[in-house]
Amino acid sequence: MALLTPRTTRRRAFGLVVLAASLPMFMATLDNLVMTNALPVLHDRLGASVEELQWFVNAYTLSFASMILVAAALGDRFGRRTVFLIGIAIFGVGSALAALSTDPAQLIGARALQGFGAAGVLPLSLALISGGVAPERRPLAIGIWGGISGLGVAVGPLVGGAVMEGWSWQAIFWINVPVALIAMPLAFVVLNNDFGRRARIDIAGAVLAGTAVLALVHAIVRGNDDGWGSAGVIAEIVGAVVLLIVFVLWQARAKAPLIPLRLFGDRSFSVTNIVGFAFSFGTFGAVFILIQYMQVVQGSTPLEAAVQTTPWTLAPMFVAPLAGFIAPRVGTRVLMVAGLGLQAVALFWIAVTMSTDLAYAQLVAPFILAGVGMGLVFAPSATALLATLGMIDHAKASGVNSTIREIGLALGTAVMTAIFVGAGGELRPDLYVDAARPAVLVGAVVLLVGMVVALWLPAGRSSTDAAGDETDAEGPASASPELVRA
């Protein structure tokens, strides 16, 4: 038997690190679109209203968004692998409880628990990859990470459709349990237990930010029913704005802030977060509307709808790794601008052509454009986010970005559903299309704004990445005694 060379050993370690950090992230990503594809079925089986369907999605995203930064801080203090493992366990328990739900309220609660678990998984997965591979291989690792994230997007509807058609809607949650049981020992054995700055947890900041976002989303969800000029809705919106202002002021003076405001002095970090918000708002808000269009209007089963949307959902799986690989050569800016532009064009195209008797063949081209665009944003945005930051800031930076993207997803879903309901939309073919069209157009406009903002990104070519690596090698991240690996 041939002996392992040092190079072979490094390659094996590289692959195991990427797998161990990415598998739980894949599980959490898979669950987002598995859920979206199940909404029409849950409407029938659980008697869920349109508002409750939103909360099946938003309970997950809001609990996720409210806890990401806390999870990142806990990872810095108690070990990133430790919190990562706890997040996987909580996600698995939440999945089991979701499968056992018998009414909408129980499912909403279980989805919130899943979100708390995912908060310990997604941001730390990227930080664990960054700290577990050599700097020169980091862009490739991030590209693969983006591709696996794209795979979760791609197979989520397919898995959901196939499982619901062949078994039951509960099974879309049961499948997470064995994945969690495999992922936990793998992560424990393969990943380093990195630590960051061991500071006190900013509980006050977490409460302020979480309450503000929850109030804003709740106001948007109830706006059509209660009236946008009603005292309750206005009070919630004003309260959310006040809480966000207080949160920022608190972060400026807190000794261990949840969001270090100094990070926003980095142009690449700031612009990437704005782009991430626009991307999640426009893309996933539109997905919420369009997945149901395929079933409610086109009459597709969940599996058929999943297969029909694969030109959109499969593309990121192939495009994201390539984008991550070439980003240091052509620059993150050009890829992200192109990706956001392609998605905006695709949504405009779909909104303009959408009708009750639209042939599926006419959706294939815009679906492909949207999928390629998603793939061009996934990995380059992760690279741009961390490009000029020291390694000790990677978990916090990734947590901030994940929080902002999840808030974008929640607000996108809430706003587009509010537009849909406000235009008289219902889950009936004759009342769906006219209401869905303006909602999808809003998503396209938000993506277009994101594309314009992305023009302010640094070029992000290899020289920039090298600078970032030098920061890791020579700057505070590696010099600090606070960055320890177990």
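This is a predicted model: local features need pLDDT of at least 70, side-chain atom pairs count only at pLDDT 80 or more; totals for chains, interfaces and linings use all residues.
A pocket, in the sense used here, is an open set of grid points where a 1.4 Å probe fits, with protein on both sides within 12 Å along at least five of seven lines.

I begin with the largest pocket, which holds about 630 Å³ of space. Its lining consists of 29 residues, and those closest to the centre are Ala209, Val213, Leu244, Thr403 and Ile407. Which of them supplies the largest share? That is α2, with 8 residues.

I turn next to the surface. Val93, Leu97, Leu100, Trp167 and Trp174 together make a nonpolar patch of about 540 Å². One of these residues, Leu100, sits in the loop between α3 (80-99) and α4 (104-119). Is Leu100 buried or exposed? Leu100 counts as exposed because its relative accessible area is 53%, and the cut-off for that class is over 50%.

Ile142 belongs to helix α6, which covers residues 138-166. Ile142 has a relative accessibility of 4% and is therefore classed as buried, a term that applies under 20%. Between Ile142 and Leu126 there are 16 residues of separation in sequence, while their C-alpha atoms lie 7.5 Å apart in space.

Thank you for your attention.

Notes:
Residues are numbered from 1 along each chain as its sequence is written. Side-chain values use heavy atoms; hydrogens and water are left out. On a 1 Å grid over the protein atoms alone, a cavity is a set of points where a 1.4 Å probe fits but cannot get out, and a pocket is an open set with protein on both sides within 12 Å along at least five of seven lines; lining residues have an atom within 4 Å of a point. Grid points are joined across faces, edges and corners, and a volume is the space filled by probe spheres set on the points. Helices (H or I, at least four residues) and strands (E, at least two) are DSSP runs, numbered from the N terminus. Patches are made of residues with over 30% relative accessible area and no salt bridge: like charges are joined within 9 Å, nonpolar side chains (Val, Leu, Ile, Met, Phe, Trp, Tyr) within 5 Å. Accessible areas come from the Shrake-Rupley method with a 1.4 Å probe; for residues, only the protein chains shown count as cover. A salt bridge is a side-chain nitrogen of Lys or Arg within 4 Å of a carboxyl oxygen of Asp or Glu. Buried means under 20% relative accessible area, exposed over 50%, partly exposed in between (1.4 Å probe, protein chains only).
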